[in-house]
Amino acid sequence: MKNITILCALAIALSGCRAMPPKKNFSIGVAVYDSNDVFVSSICDTLQKEASNDGIHVSVADAARSQLNENEQVSDLIADGADILCINLVDRSATSTIINAAIDKNIPVIFFNRQPVESDLNRWEKLYYVGADAQESGRLQGQIAASWLRSHPEADRSHDGIIQYYILEGEPGHQDTIIRSETSVDTLSEAGISLEKTGYAICDWQKEKAQEQTASLIENGTYFELLICNNDEMAAGAVQAYQDAGIPEDQRPAIVGVDGTDEGISLVRSGEIIGTVYNNYKDQAEMIYRLADALMNHKNLQEFNLQNGHSYFSSYQKMTSDNVSSFGNQ
């Protein structure tokens, strides 16, 4: 009788295991504003690696900075059978076409890196955002610059007690451009650094444009002692311009970036930029995939602690010569 009881229990247990629904196989459709953006590409590459480990298919479309292209690509991704959409918007204020298409087909959307306005995210319960807090990046960038300037009084080459600064900005109207620029300068001022703005240039996050703009500043003799760059690509472009002009490091302005890309990390290690703010693309990519998996397999989302029920913000970290070795190969 005892053996029969054990066998029955084992049979029930095995039957229960067989009755558990298998993990759902699903397809992810990704649309990005520009595949040449190093940081965005890093997110996509990591997302694809995470998904491939589970045999999940990921399709990536490049909008080449056209919202019209992206809208059409989203329609194609849906037609091709995407079960969930991961969207890096071209225009963060132009979400209606994508959201309407997703609602019509009942397909969840995870926006990433380029944050829609809150009212758009509130349109439907299956809209989410994964990114990082632009204000935090600007604050940490300002802290890096303030700390370096205090410990390097020779940076004030004009000896006037004022740091002349120039800003290389991303896209006009982009939340990270506006907030990073304003917050970094405000943080410097709050730290007691006297500032004078020499000017700014829009370089669309691109290394080549930043290199051209900086070369023009060098040629025209524009004077500044601090160059604030909204991302590492533009910081790298500025460094390249100074290298091409044959200007030694001790005669260049202090340069600071944001993102912690491979090139940015290399420039911190070499001392050609004073620091950057590490934007954890791995964490964001992993969250995008975990969230997609949870949505597709009807898991409880409470573990993600989403802000307002739909947004996840990764933390930034300051990266300078003092701690860059701890980041290893990112």
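Helix H2 passes helix H11 in a right-handed crossing. The contact is formed on the H2 side by Phe 39, Ser 42, Ile 43, Thr 46, Leu 47, Glu 50 and Ala 51. On the H11 side it is formed by Tyr 281, Lys 282, Gln 284, Ala 285, Glu 286, Ile 288 and Tyr 289. Sorted by class, this contact holds eight nonpolar, three polar and three charged residues. The model is a predicted one. H2 covers residues 38-53, and H11 covers residues 281-296. Their axes come within 8 Å and cross at roughly 45°. H2 is therefore oblique to H11.

Other helix pairs were described in the same terms. Two packed helices are described by the angle between their axes and the distance between the axes. H6 (134-151) and H7 (175-190) pack at an angle of about 35°, and their axes are 7 Å apart. The crossing of H6 past H7 is right-handed. From H6, the contact draws on Ala 134, Gln 135, Ser 137, Gly 138, Arg 139, Gln 141, Gly 142, Gln 143, Ala 145, Ala 146 and Leu 149. From H7, it draws on Gln 175, Asp 176, Ile 179, Arg 180, Thr 183, Ser 184, Thr 187 and Leu 188. Ten residues of this contact are polar, six are nonpolar and three are charged.

A further pair is formed by H3 (residues 67-79) and H4 (residues 96-105). Their axes lie 10 Å apart, at an angle of about 10°. Because angles under 35 degrees count as roughly parallel, H3 is roughly parallel to H4. H3 contributes Gln 67, Glu 70, Asn 71, Val 74 and Ile 78. These residues meet Thr 97, Ile 98, Ala 101 and Lys 105 in H4. The contact of H3 with H4 has four nonpolar, three polar and two charged residues.

Attention then turned to empty space. Rolling a probe the size of a water molecule over the atoms shows where empty space is left. Across the whole structure, the search finds two cavities of 30 Å³ or more. The largest cavity has a volume of about 150 Å³. Its lining consists of 16 residues. Nearest its centre lie Asp 37, Phe 39, Asn 113, Trp 205 and Asp 259. H2 and H7 are the elements that give two or more residues to this lining. H2 gives the most, with three residues. By class, the lining of the largest cavity has six charged, five polar and five nonpolar residues.

The largest pocket has a volume of about 530 Å³. Of its 25 lining residues, Trp 148, His 152, Ala 254, Gly 271 and Ile 274 are the closest to its centre. The elements that give two or more residues to the lining are H6 and strand S9 (254-256). H6 gives the most, with five residues. The lining has nine nonpolar, nine charged and seven polar residues.

The second largest pocket holds about 210 Å³ of space. It is lined by 14 residues, and the closest to its centre are Pro 108, Lys 126, Leu 295, Met 296 and His 298. H11 provides the largest share of the lining, three residues. Seven of the lining residues are nonpolar, five are charged and two are polar.

Notes. Residues are numbered from 1 along each chain as its sequence is written. This is a predicted model: local features need pLDDT of at least 70, side-chain atom pairs count only at pLDDT 80 or more; totals for chains, interfaces and linings use all residues. Side-chain values use heavy atoms; hydrogens and water are left out. On a 1 Å grid over the protein atoms alone, a cavity is a set of points where a 1.4 Å probe fits but cannot get out, and a pocket is an open set with protein on both sides within 12 Å along at least five of seven lines; lining residues have an atom within 4 Å of a point. Grid points are joined across faces, edges and corners, and a volume is the space filled by probe spheres set on the points. Helices (H or I, at least four residues) and strands (E, at least two) are DSSP runs, numbered from the N terminus. Ala, Val, Leu, Ile, Met, Phe, Trp, Tyr, Cys and Pro count as nonpolar, Asp, Glu, Lys and Arg as charged, and the others, Gly among them, as polar. Axes are lines fitted to C-alpha atoms, for helices over the stretch in contact, and angles run from 0 to 180 degrees between N-to-C directions. Angles under 35 degrees count as roughly parallel, over 145 as roughly antiparallel, 65 to 115 as roughly perpendicular and the rest as oblique. A crossing is left-handed if the near helix is turned anticlockwise from the far one by less than a right angle, and right-handed if clockwise. Contact means heavy atoms within 4.5 Å.
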